[in-house]
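Let's take a friendly walk through one part of a protein. Have a look at the picture first, and then read on.

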Amino acid sequence: VATAARSGDVDPGTEGGGDPYNVRMLPRCTARREDLRRSALPSLLPRPALPWPALRRPPFHRTALLLAALSLGAGCGAVLAPEAELPRAVQARPAPADPHHRLIDAVALPTGEAEFTTTRISDGAPFDRVIPSWNVPHAGAPFRVDVRARTASGWTPWLRIGDWNVEARGSDAVTESDGAKVAVDVLDLERPADACELRLRTDAGSAVATSSALRFSVVLSDRSALAARVASASAEPWPAAAPVSIDVPKRSQRVDGGDIGGRICSPTSVAMTLEHFGAGAPTVELAHQIFVPHFGIFGNWNRAVQAAFDRGVPGRLVGVSSWATVARYLERGQPLVASIRAGEGELRGAPYTKTAGHLLVVTGLGAHGAVHVNDPASKTTAAVSRVYRREDVERVWFANGGVAYALGPEAAE
């Protein structure tokens with residue numbers, strides 16, 4: 001997750017493609033923005049937004065839900081509310097369970113104070129990587145998000161992992177301590193942890209501090225077990241749901257991006273997904289919204305999720321290590337913006353020979369291990385839709401951590 005790997009730059013290669021497969025298409029979302037406006041909770045979402053379905057937690061689901069964010073320490077301004085009292089718009093149905101990455105959702109109910117901390121986030125299993133994301137209604141107010149984890153040595157210091165509407169980071173923006181380091185938007189730990197917390201700081205009385213609710217999601221992973229998990233994924237049967245595909249509009253970062261076209265794979269992938277959900281935005285405009293001046297990159301993961309939320313489409317970062325997990329997202333109507341890294345020739349048919357970091361949209365699964373994607377690095381819009389091989393995508397996505405943006409409302413099961 002080095003900064004250089006988030007630029008979106010790819011090495012040029014021959015334009016490739018995959019064999020066509022007969023796939024079942026899920027229709028593009030055609031909800032009108034006035035319909036979205038009526039379905040949203042205006043006090044929660046800054047723009048017309050699609051509602052989160054009421055919470056229905058299936059049995060044996062490994063995803064935990066914390067209706068939370070109350071710390072009894074001084075200066076913390078959030079309260080705990082029973083699930084039934086939460087606004088319907090924040091009652092998120094748990095994401096599909098993954099055999100390796102654990103996803104925990106939390107909801108904070110602010111009370112106007114400038115700082116508050118989530119409750120302790122833990123599912124009882126050890127982890128050494130934390131990847132958080134959030135949906136924060138801010139109306140232009142600045143906010144900062146810090147993270148800390150508890151290891152056998154105690155709690156790490158608070159480390160800065162994200163911010164919004166902040167022109168420059170101050171001396172309080174610590175990103176590294178003994179045994180813990182934030183690499184752009186990921187907390188990596190040298191020693192296993194059993195719990196973590198998030199802290200949000202803003203201006204007292206701001207739109208953030210007085211909003212109806214704030215949604216956080218945290219992916220917890222054990223990196224030492226990833227290689228074995230990826231090996232198991234390659235032996236799994238191809239999902240019975242295949243073939244299935246989602247009709248996601250196509251955009252090329254090279255066509256839309258001009259001078260920054262080689263660096264905006266993440267914003268272009270988000271723009272395609274937003275357009276699918278009826279919230280289209282100019283690609284370059286979205287890129288400048290996601291851009292991180294501290295690092296000079298357009299590929300920050302949590303900023304991409306927040307930018308989508310600002311435009312009315314909620315979402316979260318997720319971890320994926322199984323095609324069954326991918327299929328469940330697609331079946332409920334959610335394309336996945338996948339973060340990949342490919343060595344020379346590792347992704348056959350791609351419009352680049354290798355990449356230190358790139359994002360594309362997984363739109364479907366075809367027959368015989370075909371993975372359908374919209375790859376924004378294509379030189380033309382017509383060439384964006386591609387088909388990659390299962391084994392190649394496992395190598396460049398699952399083995400690279402399996403991170404994805406899951407944007408949009410979940411379709412009812």
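This is a predicted model: local features need pLDDT of at least 70, side-chain atom pairs count only at pLDDT 80 or more; totals for chains, interfaces and linings use all residues.

Residues are numbered from 1 along each chain as its sequence is written, and side-chain values use heavy atoms, with hydrogens and water left out.

Helices here are DSSP runs (H or I, at least four residues), numbered from the N terminus. In α4, 11 of the 12 residues are buried, where buried means under 20% relative accessible area, exposed over 50% and partly exposed in between (1.4 Å probe, protein chains only). Among the buried ones are Cys265, Met272 and His276.

Gly278 lies in the loop between α4 (265–276) and α5 (283–290). Is Gly278 buried, partly exposed or exposed? Its relative accessible area is 25%, so Gly278 is partly exposed. Gly278 also has a positive phi of about 80 degrees.

Next come the packed helices. Two packed helices are described by the angle between their axes and the distance between the axes. Axes are lines fitted to C-alpha atoms, for helices over the stretch in contact, and angles run from 0 to 180 degrees between N-to-C directions.

| Pair | Angle | Axis distance |
|---|---|---|
| α5 and α6 (residues 301–310) | about 125 degrees | 9 Å |

The contact (heavy atoms within 4.5 Å) is made by Leu286, Gln289 and Ile290 of α5 with Arg303, Ala304, Ala307 and Asp310 of α6.

Terms used. Helices (H or I, at least four residues) and strands (E, at least two) are DSSP runs, numbered from the N terminus.
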